[in-house]
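Please open the model in your viewer and keep the selection panel at hand. The stops below are arranged so that each selection leads to the next.

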Amino acid sequence: MDDEPSLLDGLRRMLRKQSREWDMEFVHGGAEALARMAEVPFDVIVTDMLMPDMNGSELLEQVAHRF
């Protein structure tokens, strides 16, 4: 999760080879991440810690509380 689309695009390109082994999703912001996690389970969360609306720490607190 990150608030910068160009960074997410770069990660998507960098991890393209692993897409055969891993199911990956790239989302823009904490609200979108929480909404997606409510729909499907995730084993790993990678988040930017410094974002304007919900920082990474706040996201991880919400994940621990909700899921």
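**The nonpolar core**

Begin by selecting Met1, Val27, Ala33, Leu34, Met37, Met51, Met54, Leu59 and Val63, the nine residues of the largest nonpolar core. Such a core is a set of buried Ala, Val, Leu, Ile, Met, Phe, Trp, Tyr and Cys residues joined through side-chain atoms within 4.5 Å; buried means under 20% relative accessible area, exposed over 50%, and partly exposed in between (1.4 Å probe, protein chains only). Two elements, α2 (30-39) and α3 (56-66), each give two or more residues to this core, and the largest share, three residues, comes from α2. Helices are DSSP runs (H or I, at least four residues), numbered from the N terminus.

The model is predicted: local features need pLDDT of at least 70 and side-chain atom pairs count only at pLDDT 80 or more, while totals for chains, interfaces and linings use all residues. Residues are numbered from 1 along each chain as its sequence is written, and side-chain values use heavy atoms, with hydrogens and water left out.

**Helix α2**

Next, select Gly30, Ala33, Leu34 and Met37, which are buried in α2. Seen down the helix axis, the buried residues of α2 fall within an arc of 95 degrees, so they line one face of the helix; the arc is that of the directions from the axis to the C-beta atoms. Turn to the face of α2 away from its buried side to find the exposed residues Ala31 and Glu39. The cover over the buried residues of α2 includes α3.

Now centre on Leu34. Apart from neighbours within four places in sequence, Leu34 is in contact (heavy atoms within 4.5 Å) with Met54, Leu59, Gln62, Val63, Arg66 and Phe67.

**The loop between α2 and α3**

Move to Thr47, which lies in the loop between α2 and α3. Is Thr47 buried or exposed? Thr47 is buried, with a relative accessible area of 18%. Not counting residues up to four places away in sequence, Thr47 touches Met1, Gly56, Leu59 and Leu60.

**Helix α1**

Select Ser6, found in helix α1 (residues 5-14). Ser6 is exposed, with a relative accessible area of 55%. For a distance check, the C-alpha atoms of Ser6 and Pro52 are separated by 16 Å, although these residues are 46 apart along the chain.
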